[in-house]
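Colleague: Before we look at the model, I would like to go through how its features are read. Please give the general idea each time and then the case at hand.

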Amino acid sequence: LKLSNCVFDDLDLHGADFRQASVPFSSFKRTNLKFANFESANLYACDFTDADMHRVNLKDAITSDTIMEAKDLFGATVTLDCRSFQGMKLSPGWYYGWLFYGLVMVPPSKDVEEKLIQLLGPERYMVLRDQYARRRM
């Protein structure tokens, strides 16, 4: 599948297979993408505003310059690669959520842990801590 600037807005694409597809500059606003498979797909500059991306597979996908302001991203599979995050725009909640993952791990020192909590802010830290405790990790 090679399409550019496609509009997939408001569709139910639950479990859709986009493996190795190339759909740069496409829009997936408010789309149900639960369990969709975008493995090795080119999603350059796509818009995922308010999409439900629970358990979406983005393994080896190009997600540079995307608007990743999804309604749900919990359980997403991503590849830790520069092109995965370069220029990606996240909603504030997901941005702070990514930072919070550093506190789910064992920080290198208590000082680092305290600085990260201070960066997030005590209130936001407590909200994220409670949200992530309720979600299956």
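Colleague: By class, how many nonpolar, polar and charged residues does the lining of the largest pocket have?

Modeller: Ala, Val, Leu, Ile, Met, Phe, Trp, Tyr, Cys and Pro count as nonpolar, Asp, Glu, Lys and Arg as charged, and the others, Gly among them, as polar. Here the lining has 14 nonpolar, 4 polar and no charged residues. This is a predicted model, in which local features need pLDDT of at least 70 and side-chain atom pairs count only at pLDDT 80 or more, while totals for chains, interfaces and linings use all residues. Residues are numbered from 1 along each chain as its sequence is written, and side-chain values use heavy atoms, with hydrogens and water left out.

Colleague: How is a pocket found, and which residues lie nearest the centre of the largest pocket?

Modeller: Rolling a probe the size of a water molecule over the atoms shows where empty space is left. On a 1 Å grid over the protein atoms alone, a cavity is a set of points where a 1.4 Å probe fits but cannot get out, whereas a pocket is an open set with protein on both sides within 12 Å along at least five of seven lines; lining residues have an atom within 4 Å of a point. In this model 18 residues line the largest pocket, and Leu 73, Ala 76, Val 78, Trp 98 and Tyr 101 lie nearest its centre. The elements giving two or more residues to that lining are α1 (82-85) and α2 (92-104), and α2 gives the most, with 3 residues. Helices (H or I, at least four residues) and strands (E, at least two) are DSSP runs, numbered from the N terminus.

Colleague: What is the volume of the largest pocket?

Modeller: It is about 270 Å³. Grid points are joined across faces, edges and corners, and a volume is the space filled by probe spheres set on the points.

Colleague: Is Leu 80 buried or exposed?

Modeller: Buried means under 20% relative accessible area, exposed over 50%, and partly exposed in between (1.4 Å probe, protein chains only). Leu 80 has a relative accessible area of 74%, so it is exposed. Leu 80 is found in the loop between β3 (77-78) and α1.

Colleague: Which residues have a positive phi although they are not glycine?

Modeller: Most residues other than glycine have a negative phi. Phe 35, in the segment before β1 (57-58), has a positive phi of about 60 degrees. Asp 65, in the loop between β1 and β2 (67-68), has a phi near 60 degrees, also positive. Phe 35 is partly exposed at 47% relative accessibility, and Asp 65 is partly exposed at 33%.

Colleague: How many salt bridges are there?

Modeller: A salt bridge is a side-chain nitrogen of Lys or Arg within 4 Å of a carboxyl oxygen of Asp or Glu. The count by this rule is 10. Among them, Asp 17 and Arg 19 meet at 2.5 Å, N to O. Glu 39, Lys 59 and Asp 60 are linked in a network of salt bridges.

Colleague: Where do Glu 113 and Lys 110 lie?

Modeller: Both are in helix α3, 3 residues apart, about one turn of the helix, and their side chains meet in a salt bridge of 3.1 Å, N to O. Lys 115 and Asp 111 form a salt bridge of 3.3 Å, N to O. Lys 115 and Asp 111 are 4 residues apart in helix α3, so they are separated by about one helical turn. Lys 115 is exposed at 52% relative accessibility, whereas Asp 111 is partly exposed at 40%.
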